[in-house]
Amino acid sequence: MELPLEAVPNFSEGRDGAVLDAIRAAFSGVSLLDVHADADHNRSVFTVVGGDDALVDALVAAIRVAAERIDLRRHEGVHPRVGAADVVPVVPIRPEAMPRARAAALRVAERVGGELGLPVFLYGELAAARGPAFFRRGGPEGLQARVDAGELAPDFGPQRLDERAGALLVGARKPLIAFNVNLRGGEPGTAREIAALVRETGGGFPGVRALGMDLKHAGLTQVSMNVEDWEAAALADIVARIEAEAHARGAEVAGSELVGLMPAGAAAAAAGGALRIDGFDGSRLLELRLLDP
């Protein structure tokens with residue numbers, strides 16, 4: 001049986017319930033599994049699954065709503081962004097479905113550029129060595145300046161970012177874990193210092209992208225991460241490193257937060273690590289064995 005594809009679109013709105021409800025309503029014909037909204041980030045992450053055609057249609061419909069309802073000129077939030085519908089990854093549930101994910105993502109990109117008139121930049125499996133951070137540097141203004149200078153060009157749509165809705169990043173990628181660790185106490189730059197230590201580019205964990213942020217509404221700071229290879233970087237080890245670095249700086253871990261959903265194998269690995277069960281993985285989970293004997 002062919003499994004559905006997953007998409008995890010991120011929208012630059014995490015406070016206005018009416019806007020989130022309108023986006024939610026656009027996902028007809030597919031299954032909406034989760035919505036994670038954050039006021040400090042002013043961002044929401046939707047997790048949806050569906051057949052290839054239905055998923056493409058639903059994503060284009062939701063992007064249209066976001067472009068109509070979200071005005072980046074009035075947007076305030078700690079998370080970097082370049083668009084109202086900021087990033088739209090299509091994800092294969094099994095690795096062999098990556099060609100389907102790439103094809104579906106390209107169809108979304110082409111339709112958004114043509115039907116909605118928004119500039120679309122490809123990333124991930126559709127643009128080697130380019131991730132969302134590559135495009136978000138400097139925000140919408142910085143991205144437009146790079147286009148004007150001839151450094152970049154949209155893959156679909158116009159050359160100018162939309163005044164209200166900005167641009168869109170569309171890609172296909174493997175499953176990742178969006179995972180945040182919140183800190184209490186310490187100096188204002190503590191979360192940023194720790195993020196720099198745990199991210200791959202700082203010599204930290206492989207496949208980990210990390211930013212340090214201030215959560216003013218919550219009165220906390222945060223190490224916000226994408227764990228792109230959960231088999232190479234165990235969540236328990238990442239949290240332990242953050243906790244040790246926080247303690248050394250007079251701060252403490254106030255809790256952690258999963259954004260959206262995570263692969264069952266990663267949950268099994270985390271449980272095995274916490275319980276110290278050697279060789280514990282997804283094959284030891286009853287429900288997964290029943291679904292995929």
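## Overall architecture

The chain has nine helices and 11 strands; helices (H or I, at least four residues) and strands (E, at least two) are DSSP runs numbered from the N terminus. This is a predicted model, in which local features need pLDDT of at least 70 and side-chain atom pairs count only at pLDDT 80 or more, while totals for chains, interfaces and linings use all residues. Residues are numbered from 1 along each chain as its sequence is written, and side-chain values use heavy atoms, with hydrogens and water left out.

The radius of gyration of the chain is 19 Å, which agrees with the value near 19 Å for a compact globule of 293 residues. That radius is taken over C-alpha atoms, and the globule rule is 2.2 Å times the number of residues to the power 0.38. Along the principal axes, the C-alpha atoms fill a box of roughly 50 × 50 × 35 Å.

## Burial, surface and contacts

Of the 293 residues, 47% count as buried. Buried means under 20% relative accessible area, exposed means over 50%, and partly exposed lies in between (1.4 Å probe, protein chains only). The chain exposes about 13,800 Å², and carbon and sulfur atoms supply 51% of this area. Accessible areas come from the Shrake-Rupley method with a 1.4 Å probe; for residues, only the protein chains shown count as cover.

Contact means heavy atoms within 4.5 Å. Among contacts between residues at least 6 apart in sequence, 72% join residues at least 24 apart.

Leu122 is placed in strand 6 (residues 120-124) and is buried, with a relative accessible area of 7%. Neighbours within four places in sequence aside, Leu122 is in contact with Leu106, Ala109, Ala127, Phe135, Asp155, Phe156 and Val170. Val87 is 35 residues from Leu122 along the chain, with 9.7 Å between their C-alpha atoms.

Ala105 belongs to helix 3 (residues 98-116). Its relative accessibility is 0%, so Ala105 counts as buried. Not counting residues up to four places away in sequence, Ala105 touches Val90, Leu126, Val170, Gly171 and Ala172. The C-alpha atoms of Ala105 and Val60 are separated by 11 Å, the two residues being 45 apart along the chain.

Val239 is in helix 7 (residues 235-248) and counts as partly exposed at 22% relative accessibility. With residues up to four places away in sequence not counted, Val239 touches Phe179 and Val181. Val198 and Val239 are 41 residues apart in sequence and 9.7 Å apart in space, C-alpha to C-alpha.

Gly282 is found in the loop between helix 8 (264-275) and helix 9 (286-291). At 18% relative accessibility, Gly282 counts as buried. Residues up to four places away in sequence are again not counted, and Gly282 touches Ala268 and Leu288. Ala267 is 15 residues from Gly282 along the chain, and their C-alpha atoms are separated by 8.2 Å.

## Backbone at Asn42

Asn42 has a positive phi of about 50 degrees although it is not a glycine. The residue Asn42 lies in the loop between strand 3 (31-38) and strand 4 (43-50). Asn42 is buried, with a relative accessible area of 5%.

## Second largest pocket

The second largest pocket has a volume of about 240 Å³. On a 1 Å grid over the protein atoms alone, a pocket is an open set of points where a 1.4 Å probe fits, with protein on both sides within 12 Å along at least five of seven lines. Grid points are joined across faces, edges and corners, and a volume is the space filled by probe spheres set on the points.

The lining has 13 residues, of which Leu72, Pro140, Glu141, Asp162 and Glu163 lie nearest the centre of the pocket; lining residues have an atom within 4 Å of a point. By class, the lining has three nonpolar, three polar and seven charged residues. Ala, Val, Leu, Ile, Met, Phe, Trp, Tyr, Cys and Pro count as nonpolar, Asp, Glu, Lys and Arg as charged, and the others, Gly among them, as polar.
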